[in-house]
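Subject: Handing over the structure

Hi,

Here is the structure I promised to pass on to you. Please have a look at it first, and then read my notes below.

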Amino acid sequence: MVSTLDGSLTNASAQRPLLGMNQAELTEWVQSQGQAAYRGKQLHQWLYAKGVRSLTDITVFPKAWRQGMENVCIGRSDIHHRSIAADQTVKFLLRLDDGQIIETVGMPMDKRLTVCVSSQVGCPMACDFCATGKGGFVRNLATHEIVDQVLTVQEAFDQRVSNIVFMGMGEPLINVQNVVGAVKCLNQDIGIGQRSITISTVGIPGQIRRLAQYRLQTTLAVSLHGSNQALRTQLIPSAQHYPLTDLLDECREYIAMTGRRVTFEYILLAGLNDCNEHAAELSQLLRGFQSHVNLIPYNPIDEVDYQRPSRKRVNQFTDSLKAAGIAVSVRYSRGLEKDAACGQLRASKVNA
C-alpha cells in the first residue's frame, strides 16, 4: 500500500473491489474471468440487493468457479463495534481492510431509515467543537468504503435505506471524486434517489463550484456555525482562508448551476453564537437566498467546554429568523447518550 497526494491508499497490484462497480463493469469483469455475460447481472443483484460478502456465497454461480474465487475482494468491511441508543439509533464502528476504524450511523424514524456516512478516516478541518476534528486526519475513503456503510446499516436493520447524509467523519468536498462515485452507485445500483442524499461541507474554496459541475440532484448542506467571519474562524480554523462573502458567492453560483437550493447548517453554542445579534446577522447574510437553515443545538463533547443552549434560547433564535423571512427548522441530534457526537465513539474505542 502507498499513500497518494489526497491521502487515499492505493496498491498497484491489488484488484479493484467489486463494490462500487456498475452492472456494465461487473459484466466486463465476469467475462474477463471466462464467464458468460449474464453472470454480470447476477453478480450485480447479489452485491447490491443481497449484500453478499464473498463470491463463494453466490449460489447461482457454478460451484467450480466459486471455489476459486475465495480471495476476490468484494469490498465489505467488518463491524468492529455497535452502540444502540434508547431511540433505536445505532452507531457502528467499521474496520476497514487496512485496520482503520470509521463511524456510520443508522437512524430509524417511522418508515424511514437514514444513514449518516463518513467520507474520510478522521478529518483535516479541525473544527473546534468537533470530536472527529480533534482526532486528526488519516486518509480519504474509497467509493466502495462509502457504499459499504449503507449496505451495513441496511443489513443490520433489515430495512431499505431511504435517506443518506454525508455528515459523518470527514469533509466530503476534499474527497469529491469518491463521494460523487458513491452517490452515483447508491442512486443507480442500490436505487436511492439523489434528492434523498445530502452532502455536507464546511466550505473548501472552489469545491462547491466543482461539485455543481456534476449536476447532481443531491442537497448541498453548508456548515456556517458563525454569523460573521470572526466567529466562524474561531469555530472553523480553515475559514480564515475562505471569507464568508466568498463562500456565499460560491453558494449562489451553485444554485444558479444546479437549480437546487442550499441548506445552511448552524450549530447553536450557548452564549457564543446563539444571541439575538447573531440571529440578526445570520438573517442579513441569507436574505434573498434560495435556502433553508437547519439549527442544531450543540451535542457536548469532553474535549471542549461548549454547552447546549436552553430550549427557550433555541426557540427565540428560531423565531427571530422566521420573523426575518428565513426558512428555518431545528434538528435535534439522535441518540444523545454517551459518545453520541460524531467521532466520540471511535475515539473512545480506538484509544481504549
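The secondary structure of the protein chain comes to twelve helices and 14 strands. Both kinds of element are DSSP runs numbered from the N terminus, with helices being H or I runs of at least four residues and strands being E runs of at least two. Please keep in mind that this is a predicted model, in which local features need pLDDT of at least 70 and side-chain atom pairs count only at pLDDT 80 or more, while totals for chains, interfaces and linings use all residues. Residues are numbered from 1 along each chain as its sequence is written, and side-chain values use heavy atoms, with hydrogens and water left out.

Now the overall picture. The C-alpha atoms of the protein chain fill a box of roughly 70 × 45 × 40 Å along the principal axes. Of the 352 residues, 54% count as buried. Here buried means under 20% relative accessible area, exposed means over 50%, and partly exposed lies in between (1.4 Å probe, protein chains only). The accessible surface comes to about 15500 Å², and 48% of it belongs to carbon and sulfur atoms. Those areas come from the Shrake-Rupley method with a 1.4 Å probe, and for residues only the protein chains shown count as cover. Among contacts with a separation of 6 or more, 65% are between residues 24 or more positions apart; contact means heavy atoms within 4.5 Å.

Strand 12 pairs in the parallel sense with strand 11 (residues 219-223) over four bridges, and Leu220 stands opposite Val262. Strand 12 also pairs in the parallel sense with strand 13 (residues 291-297), over seven bridges. In strand 13, Val293 is the bridge partner of Phe264. For two strands to pair, DSSP has to find at least two bridges between them.

Strand 12 and strand 13 also belong to a right-handed β-α-β unit, together with helix 10 (residues 276-286). Right-handed means that, with the strands pointing away from the viewer, the path from the first strand over the helix to the second runs clockwise.

Beyond its neighbours within four places in sequence, Ser283 is in contact with Ser320, Leu321, Ala324 and Ile326. Leu285 is in helix 10 too, but counts as partly exposed because its relative accessibility is 23%. Its contacts, again leaving aside neighbours within four places in sequence, are Ser227, Leu244, Leu248 and Arg252.

Next, helix 2 (residues 38-48). Its buried residues are Arg39, Gly40, Leu43, His44, Trp46, Leu47 and Tyr48. These pack against helix 1 (23-32), helix 5 (143-157) and helix 6 (176-188).

Most residues other than glycine have a negative phi. Asp110, in the loop between strand 5 (101-109) and strand 6 (112-116), has a positive phi near 55°. His225, in the loop between strand 11 and helix 8 (229-235), has a positive phi of about 65°. Are these two residues buried or exposed? Asp110 is exposed, with a relative accessible area of 78%, whereas His225 is buried at 4%.

Finally, the cysteines. With a disulfide taken as a pair of cysteine sulfur atoms within 2.5 Å, the count comes to zero. Cys251 is in no disulfide, and the nearest cysteine sulfur, that of Cys127, is 15 Å away. Cys251 counts as buried at 0% relative accessibility, and Cys116 counts as buried at 12%.

Enjoy exploring!

Best wishes
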